Amino acid sequence: MITISETGNPSNQVTTAPLKNPVINKVKTIKVFDTEANEIKYGSKEENKLKSGTEYIFEVKEYTVAKAATLEADKENIKWCFWLDKTQDKLSAKSFEIKETSEKEDAKEDFLLISKAENEAKKKEENFKAIDENGILYAEHIVEEKEGVKTIKLKVKFSKWLDGEKIKTEAYIDKPTLSSSNNSVATRSVLATPEIAEVYWMSADGERLEETGYSEDIYLYIKTLGLTGKTLDTNIYDKDLTPNPAPMTTTDDYADWEENKLKIEERDHIKQFKVGNKETYKEAAADEKTDEQQDSYKAIFDFAYVAESSKKQDPYELELYVTIANAKDVGLNISDEQNKFGNIKLTPKETIKDAFFAKIDKEEVVADGPMTEVKNKKGKKVGEKNPTTTVDHYEKLEDAVIGQKVKLVAECDNINDKEIVFKLFEKEPLLVAKDQPLPVLREGKEVTEIKATVENGYAVAEVELWKGKDKKTEFEKWKKTLRKSQDNYVTNYLKLIVEEINSPIPQIKESYEDYTFKFNACRWHDPLDTMAYRGWYGPGSNRWEPKSSAYLKSTTARNSGKHEGLDLYAPIGTTTYACVDGEIYLNYFSSTYGNCIGIKSQYYGKTLYFFYAHLDKKPDFKINTKIKAGIKIGETGVTGNANKTDSKKNHLHFEVRNTSNKSGGRIDPLENVPEIKDNLIINPKKESQT
């Protein structure tokens with residue numbers, strides 16, 4: 001009997017238990033039909049795709065028969081599963097069992113690869129569970145029997161959120177082959193009914209926008225279904241109140257967006273939109289009201305005006321929205337009223353909207369520019385594609401450590417080319433006197449006021465979070481204040497104040513009110529519970545030389561003439577810990593190092609790489625996995641060139657490097673990471689290493 005693990009279990013994939021009678025008959029061929037018995041063949045044309053929310057029938061047509069006497073009985077054991085061609089490697093299991101499922105509505109929101117978990121295994125597990133629970137809207141297993149011969153079928157409906165996925169569906173008796181080269185597997189693509197699933201405007205820091213200023217770039221985020229390969233004409237309009245008093249028009253005003261085409265190449269797109277300036281919206285603004293105009297018509301049109309402002313309304317305060325001009329041409333079945341997406345207020349007010357600490361990544365988006373021609377090898381135009389551009393993406397930071405470089409960012413409306421100043425303050429006075437700005441380094445100079453010019457809606461300044469690069473005593477003071485010991489750290493909360501020079505600009509979102517930015521000393525955890533140099537050397541461990549376990553640029557005690565790491569005594573099976581917060585940058589087996597792993601970390605303004613060798617097993621971490629100091633990463637062993645040492649010599653080889661290369665860049669751990677010295681025993685007792 002085939003058994004299946006419970007829904008939602010991380011191991012929820014098709015599994016099998018031995019049948020009472022070993023199965024030798026197999027499913028050979030399955031075919032796909034619609035409810036009118038028309039075969040849906042494999043292909044890229046629309047008629048070859050499975051429309052989401054529509055019922056289809058998968059039928060077993062042929063068997064590989066090795067034992068005819070048991071074939072009809074074996075048919076009773078047929079199960080069904082599916083997997084996704086593009087996505088399955090991002091999930092925690094190799095396939096999904098198709099269980100019988102009563103009819104249900106499609107999910108309201110996209111569930112494909114939506115997990116935000118930092119842990120890779122957890123992310124795969126959550127993504128698998130979401131598809132397992134939502135991917136199939138209806139499934140029924142059917143056994144039809146006529147004159148003693150059974151026909152096996154599967155009725156099934158797939159979710160619209162699987163749009164664009166190639167679904168591989170397999171029928172099997174014993175266990176699935178999970179091989180699309182077999183005719184027991186039917187590969188078909190899912191096609192959703194054309195739909196604009198989500199539209200909104202966003203800033204360069206990825207935040208949704210409800211309001212923006214002039215002369216700045218913003219970005220239109222659009223999620224579509226069933227529109228791959230189609231080109232949308234995205235028009236911009238200014239929304240007018242209705243009815244409009246004469247002499248105002250009775251229709252919303254078109255705002256010219258010349259480069260408004262967007263070719264749908266995948267589900268999600270981000271398109272750059274250059275807002276322009278007031279001249280761009282001159283005609284739309286002429287059709288807007290001031291409060292004085294509003295008042296004169298209030299008695300007649302009171303129902304049209306739901307709010308009053310104490311201040312005179314600027315006619316350039318507009319409300320924009322997006323329409324798909326060619327909606328019907330691309331198959332969108334929506335009314336004129338439904339064809340309004342992504343409302344955003346366009347304001348002429350001068351404001352500092354937000355201020356935050358960030359790092360800058362580069363992101364490729366669809367450019368606000370003309371479509372690019374696609375030509376064949378003969379130079380003939382065969383189509384068009386979206387133009388692309390690389391833009392700055394400001395990723396907000398929640399914390400940083402002493403010495404780290406960060407960007408101070410102010411998001412502004414309508415104050416381009418003006419100068420602003422940043423100041424940093426502590427919630428509680430730990431490093432400087434109360435109400436005094438925290439000094440930082442800007443281009444190597446110590447400053448308390450950091451000036452920056454607003455460009456394209458953002459003022460950005462890079463600083464190093466420490467005082468006096470050459471003032472070692474001040475740096476050590478900060479470090480000791482925030483790190484009392486390996487197990488005792490103090491978090492310093494910082495606020496960021498932004499002011500416009502010479503002319504006060506209102507800051508409508510004071511990001512510093514909650515003191516959410518954490519300023520810390522680097523977290524350090526010894527790689528071993530007991531930190532001691534390995535002492536025994538020589539044949540049969542006949543020579544006691546702990547000094548040979550230190551970092552040595554030149555030594556006669558080693559065949560290589562040097563030792564660019566530390567050998568820390570560790571019996572086989574000793575727990576090893578991540579010594580810093582960071583991410584895994586390598587994890588492999590070497591003939592010399594054995595099983596080894598490396599952690600990349602920001603250590604007081606420097607990028608360092610911490611390397612562990614001779615581990616017992618390959619650690620269970622993928623490259624780029626985030627990791628915290630103190631997390632167990634493995635156990636010590638005698639792999640690599642340590643495999644011939646006797647028990648007295650068992651050790652962890654530990655290095656600090658300044659490069660991610662597998663070799664080179666080794667630096668003195670004790671000079672560059674003084675925390676190592678806190679608990680390190682450089683002259684251990686002989687009897688402690690037996």
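Trainee: What makes the contact between Lys362 and Asp392 a salt bridge?

Mentor: In this predicted model, the closest N and O atoms of Lys362 and Asp392 are 2.4 Å apart, and because a salt bridge asks for a side-chain nitrogen of Lys or Arg within 4 Å of a carboxyl oxygen of Asp or Glu, the pair qualifies as one.

Trainee: Why is the pair said to tie together separate parts of the sequence?

Mentor: Lys362 belongs to strand S19 (residues 351–366) whereas Asp392 belongs to strand S22 (residues 388–396), so the pair ties together parts that are 30 residues apart in sequence.

Trainee: Why is Lys362 called exposed, and why is Asp392 called partly exposed?

Mentor: Lys362 has a relative accessible area of 61%, and because exposed means over 50%, Lys362 is placed in that class. Asp392, with a relative accessible area of 27%, falls between the limits of 20% and 50%, and is therefore partly exposed.

Trainee: How do you know that Lys160 and Glu195 meet in a salt bridge, and where do the two residues lie?

Mentor: Their N to O distance is 3.1 Å, which is within 4 Å, and therefore the side chains of Lys160 and Glu195 count as a salt bridge. Lys160 sits in the loop between strand S7 (149–158) and strand S8 (166–172), and Glu195 in strand S10 (residues 195–202), the two being 35 residues apart. Lys160 has a relative accessible area of 19%, and is therefore buried, given that buried means under 20%, while Glu195, at 24% relative accessibility, counts as partly exposed. A search of the whole structure finds 43 salt bridges.

Trainee: What makes the rings of Tyr237 and Tyr254 an edge-to-face pair?

Mentor: By the rule for ring pairs, the count comes to 21 aromatic pairs. The rings of Tyr237 and Tyr254 have their centres 5.5 Å apart, and because the limit is 6.5 Å, they pair; their planes stand at 65°, and because an angle over 60 degrees counts as edge-to-face, the pair takes that name. Tyr237 lies in strand S13 (residues 231–238) and Tyr254 in strand S14 (residues 253–255), 17 residues apart. Tyr237, at a relative accessible area of 23%, is partly exposed, and so is Tyr254, at 42%.

Trainee: How do you know that S13 pairs with S14, and why is S13 described as largely enclosed?

Mentor: Three bridges join S13 to S14 in the antiparallel sense, and because at least two bridges are needed for pairing, the two strands pair; Tyr237 stands opposite Tyr254 in S14. S13 also pairs with strand S17 (residues 318–324), antiparallel and over five bridges, where Asn235 has Thr323 as its bridge partner. Six of the eight residues of S13 are buried, so the strand is largely enclosed by the rest of the structure.

Trainee: What makes Tyr585 and Tyr609 edge-to-face?

Mentor: Tyr585 and Tyr609 are 4.9 Å apart centre to centre, with 70° between the planes, and because that angle is over 60 degrees, the pair is edge-to-face. Tyr585 lies in strand S38 (residues 582–590) and Tyr609 in strand S40 (residues 606–615), so parts that are 24 residues apart in sequence are tied together. Tyr585 and Tyr609 are both buried.

Terms used: Residues are numbered from 1 along each chain as its sequence is written. This is a predicted model: local features need pLDDT of at least 70, side-chain atom pairs count only at pLDDT 80 or more; totals for chains, interfaces and linings use all residues. Side-chain values use heavy atoms; hydrogens and water are left out. Rings of Phe, Tyr and Trp (its six-membered ring) pair if their centres lie within 6.5 Å; planes under 30 degrees apart count as stacked, over 60 as edge-to-face and the rest as tilted. Helices (H or I, at least four residues) and strands (E, at least two) are DSSP runs, numbered from the N terminus. Buried means under 20% relative accessible area, exposed over 50%, partly exposed in between (1.4 Å probe, protein chains only).
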